[in-house]
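The following note sets out several points for a student who is reading this model for the first time. Please keep the structure in view while working through them.

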Number of protein chains: 2
Amino acid sequence: MVDDPVFLKNCLVLPCAGCEPSARTNILVDDREIRYIGDSEPPGARSGYVVECGRRHVVIPCFYNAHTHAAMTLLRGYYGDAELHEWLRHMWWVEKHMGPGEAYLGSKLAVIEMLFSATCGFMDMYFFPDEAARAARELGVRARLGPVIMGRVDPWRAVEAAAAYAKRISGDDLVGGVINVHSIYAAPLEAVREGHRVAQELGIPFHIHVSETRREVYEAKKRYGLFPVQLLDKLGALSKVSVLVHAGWIASWELGLVKEKGASLVHCPASNMKLATAGHFPLYEAMESGINVALGTDGAASNDSLNMFSEMKTAVLMQRHSYWDTRVRAKHVLRAATTGSAKAMMLPSGAGTIRIGAPGDLVVLDVSNPSSQPLRRDNLEQILVYSCEKCTPSHVLVGGRIVLSPENREKLLEEAARAADELSKFIEKIGPGETSEPPCSPREACS
Amino acid sequence: MVDDPVFLKNCLVLPCAGCEPSARTNILVDDREIRYIGDSEPPGARSGYVVECGRRHVVIPCFYNAHTHAAMTLLRGYYGDAELHEWLRHMWWVEKHMGPGEAYLGSKLAVIEMLFSATCGFMDMYFFPDEAARAARELGVRARLGPVIMGRVDPWRAVEAAAAYAKRISGDDLVGGVINVHSIYAAPLEAVREGHRVAQELGIPFHIHVSETRREVYEAKKRYGLFPVQLLDKLGALSKVSVLVHAGWIASWELGLVKEKGASLVHCPASNMKLATAGHFPLYEAMESGINVALGTDGAASNDSLNMFSEMKTAVLMQRHSYWDTRVRAKHVLRAATTGSAKAMMLPSGAGTIRIGAPGDLVVLDVSNPSSQPLRRDNLEQILVYSCEKCTPSHVLVGGRIVLSPENREKLLEEAARAADELSKFIEKIGPGETSEPPCSPREACS
């Protein structure tokens with residue numbers, strides 16, 4: 001990682017989703033921020049690391065993956081042909097056996113995979129958050145994470161532990177805490193209420209799965225007489241810090257609540273489709289009404305990749321298939337993957353755009369693969385969304401530091417491969433199995 | 001391209017969709033066919049080209065892309081946010097201006113893109129088929145193609161020209177003819193009837209778009225009192241050589257006709273979703289009833305990539321989203337992309353599998369990218385379908401010849417880049433526009 005100024009020279013730049021690309025543009029990143037964008041060479045430009053873009057590179061804002069279970073790369077390709085509830089029982093079997101070692105290796109593999117597909121940060125909900133935080137810090141990306149409140153826990157102790165964790169973890173620019181409550185069906189409602197209160201108090205995201213399946217909606221209605229988002233609202237858990245993940249079964253009138261309270265939604269199309277949760281995430285209505293919409297891949301066990309290029313394409317395809325028209329366009333999903341996710345994750349202002357004063361998070365993308373050609377100013381946004389699944393950055397900057405470059409590329413790939421080998425050994429060691437009891441988390445609050 | 005024997009040593013091999021993978025396996029390909037599979041070294045194994053697989057490579061059958069308009073890489077990212085009929089008017093504008101030069105460059109870019117995503121052959125429907133044939137021969141892949149019968153043509157002259165073309169083109173192992181009739185709405189019905197008759201006579205595929213949109217079904221019912229597949233049947237155009245592309249609006253009882261007559265269906269999920277044609281391709285019912293189902297990407301203007309890994313994943317995701325369950329599994333789409341497409345294209349027996357006597361079409365796939373890890377025997381099929389969008393072959397063999405390898409890799413990428421640059425210049429030269437009249441094709445039959 002390099003802390004010197006970075007000067008990107010002569011680049012085709014997409015400054016933001018829906019922005020006009022600019023050709024032959026220079027960018028100076030220094031002291032963690034974007035300091036200059038234009039066609040000259042500002043003072044000091046040549047004193048640090050210089051990238052000459054050439055014809056096969058474009059500069060784009062970073063993606064942020066607003067919903068992951070990073071360490072679930074451990075479970076990639078594992079029991080992949082089942083619906084959510086059956087699938088969960090097999091996931092829980094492995095999760096009951098895993099320890100911090102596997103969580104670290106899984107997170108490391110995930111972060112390297114994300115870097116290689118232009119993602120500079122992620123919001124995580126998984127066990128052993130210290131391990132994901134360690135991987136994020138070592139590799140230099142942004143992470144928002146915390147323990148997952150789920151299972152048979154004492155809600156007060158669980159939230160207290162999560163709050164303490166958030167205070168402890170938020171030490172630097174990169175890693176910050178969130179309050180993760182699994183869902184209204186797999187955590188006590190008191191933890192939902194109290195978790196949200198604490199998130200508001202600390203000014204950090206309150207991150208929860210909601211309205212993912214029809215069954216969840218049905219059970220909520222039967223048990224509480226309320227729809228899931230309506231229940232969150234009654235619990236006082238709907239506000240600007242609330243991040244509602246999935247929402248494929250959200251009712252149209254519940255969108256009004258989300259809008260009124262200023263919460264964010266996270267769309268995870270590939271995972272929803274793979275687990276056959278059906279429903280329809282109302283991306284267009286949400287965005288048009290001004291709700292902040294983010295994009296996430298979910299974990300590698302239900303996707304099974306963490307590639308935000310693929311996720312953007314899948315989002316448009318799924319949305320058009322559901323709406324029977326093309327109202328959802330490239331710019332919508334590009335916005336969700338950049339500024340939408342950044343806002344849900346409460347990242348520094350400007351994250352997800354390339355403008356002066358924004359954090360120095362950007363990607364020099366190698367578009368030399370045949371799939372992303374021919375590429376021009378006029379089709380750049382289309383290519384990024386529909387033809388870039390194989391696009392790989394030559395450089396990734398996070399907070400102004402170069403975290404992926406030709407200099408460390410091979411080393412990162414070797415680390416990912418070594419981690420993957422260890423994860424495979426672990427899977428082979430424990431063998432197949434299932435359990436109907438979710439793991440209790442965080443440990444200190446298990447009853 | 002190398003004609004010597006090729007010996008693949010110590011590989012993890014997936015012999016076919018749904019087959020058990022075998023580890024530490026050797027394969028000898030000689031004189032265009034697979035000659036040996038096992039754990040020894042047959043005589044002559046070391047006399048030719050030897051590939052040592054190592055831990056980051058797997059050997060899989062080739063994919064065949066059963067529906068393309070290869071040269072439409074020219075139109076990648078061009079006017080991508082519109083529904084089918086509006087989109088077509090913009091495509092036709094460019095197509096009226098293009099000549100054989102652009103068709104050649106577009107096809108070349110497409111074939112290189114396909115090789116880099118493990119595809120050894122394609123069935124094409126586009127103008128200037130000689131140019132696609134030239135690109136296929138130069139690059140050593142299989143192609144099935146012919147002029148497209150569409151617009152205001154004399155049906156007899158058009159079919160005669162197409163038949164003459166098919167006889168002329170079918171000279172070698174790689175390239176063969178098909179009878180391409182655009183659709184029941186963009187070509188004369190006499191051309192459908194006569195085109196199919198000639199295809200049967202010549203024993204080559206009869207390749208037609210059918211039931212792609214609700215409008216097409218509505219118009220057919222209004223004009224002819226019949227559903228599109230039913231109309232094909234009445235015209236006598238439904239048989240073992242018929243390849244029906246899209247079929248998202250096929251009626252459930254029309255499936256019975258397809259089954260009875262032994263026709264193939266081609267699923268193009270990404271293109272259908274991107275153009276918002278909606279409907280539901282009945283993949284599970286078709287496969288369960290014994291109908292041959294193939295997979296295709298359609299052209300790069302409506303997908304916008306020719307990556308069969310992505311297409312397989314999209315197919316499962318779309319199908320699960322539509323069925324609300326996980327009945328469609330990795331093995332289904334892997335079968336469609338390999339043996340299903342091979343059968344629709346009428347390729348040599350065994351194509352799409354790795355077994356003794358099958359044609360020497362196979363791929364040594366580099367799975368070292370972090371997205372496709374961890375990979376084991378037990379999750380190989382899952383990884384190939386759900387986590388391989390970035391997987392790139394180290395070697396591709398078609399008909400026993402090495403057509404992609406580390407030795408020619410850079411050269412191919414440079415050729416693709418040069419072609420892409422020329423295509424962009426052409427697009428910039430003609431500028432935007434639209435026309436409501438489809439191009440008339442083949443030229444010699446235009447009235």
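1. The meeting of the two copies. The model is predicted. Of the interface residues of chain A, 98% are also interface residues in chain B, so the copies meet through the same surface. Chain A contributes 51 residues to the contact and chain B contributes 52 residues. On the side of chain A that touches chain B, at least two residues come from each of helix H2 (100–115), helix H9 (269–274), helix H11 (308–323), helix H13 (380–386) and helix H14 (409–430) of chain A. Sorted by class, this side of chain A holds 23 nonpolar, 15 polar and 13 charged residues.

2. The relation between the copies.

3. The overall form of chain A. Chain A contains 14 helices and 18 strands. For 447 residues, a compact globule would have a radius of gyration near 22 Å, and the value of 21 Å for chain A agrees with this. The C-alpha trace of chain A spans about 65 × 45 × 40 Å along its principal axes. Of the 447 residues in chain A, 62% are buried. Among the contacts in chain A with a separation of 6 or more, 76% are between residues 24 or more positions apart.

4. An open sheet in chain A. Which strands make up the open sheet of 6 strands, and in what order? The order is S9-S11-S12-S13-S14-S15 in chain A, and the pairing is parallel. Strand S9 (148–149) and strand S15 (292–295) of chain A each have a single partner strand and stand at the edges, so one side of each is left without a neighbour in the sheet. Inside the sheet, strand S12 (residues 206–210) and strand S13 (residues 242–246) of chain A run parallel and are joined by 5 bridges. One of the residues involved is A:Val210, whose bridge partner in S13(A) is A:His246.

5. A helix with a buried face. In helix H6 (residues 214–224) of chain A, the buried residues are A:Glu216, A:Val217 and A:Ala220. Viewed down the axis of H6(A), these residues fall within an arc of 100°, so they line one face of the helix. A:Tyr218 and A:Lys222 are exposed on the other side of H6(A). Helix H7 (228–234) of chain A is included in what covers the buried residues of H6(A). Just after H6(A), A:Gly225 takes a positive phi of about 70°.

6. A residue in chain B. Is B:His267 buried or exposed? B:His267 lies in strand S14 (residues 264–267) of chain B. Because 20 or more other C-beta atoms within 10 Å make a residue buried, B:His267, with 30 such atoms, counts as buried. Apart from its neighbours within four places in sequence, B:His267 is in contact with B:Phe281, B:Leu283, B:Val293, B:Leu295, B:Ala315 and B:Ala336. B:Arg35, by contrast, is 232 residues from B:His267 in sequence and 32 Å from it in space, C-alpha to C-alpha.

Technical notes: Residues numbered from 1 in each chain as written. Chains lettered and ligands numbered in written order. Predicted model: local features only at pLDDT ≥ 70, side-chain atom pairs only at ≥ 80, totals over all residues. Pairing = 2+ DSSP bridges. Helix = DSSP H or I, 4+ residues; strand = E, 2+ residues; numbered from the N terminus. Rg over C-alpha atoms; globule rule 2.2 N^0.38 Å. Buried ≥ 20, exposed ≤ 12 C-beta atoms within 10 Å, placed from the backbone. Contact = placed C-beta atoms within 7 Å. Arc of directions from axis to C-beta. Nonpolar A, V, L, I, M, F, W, Y, C, P; charged D, E, K, R; others polar.
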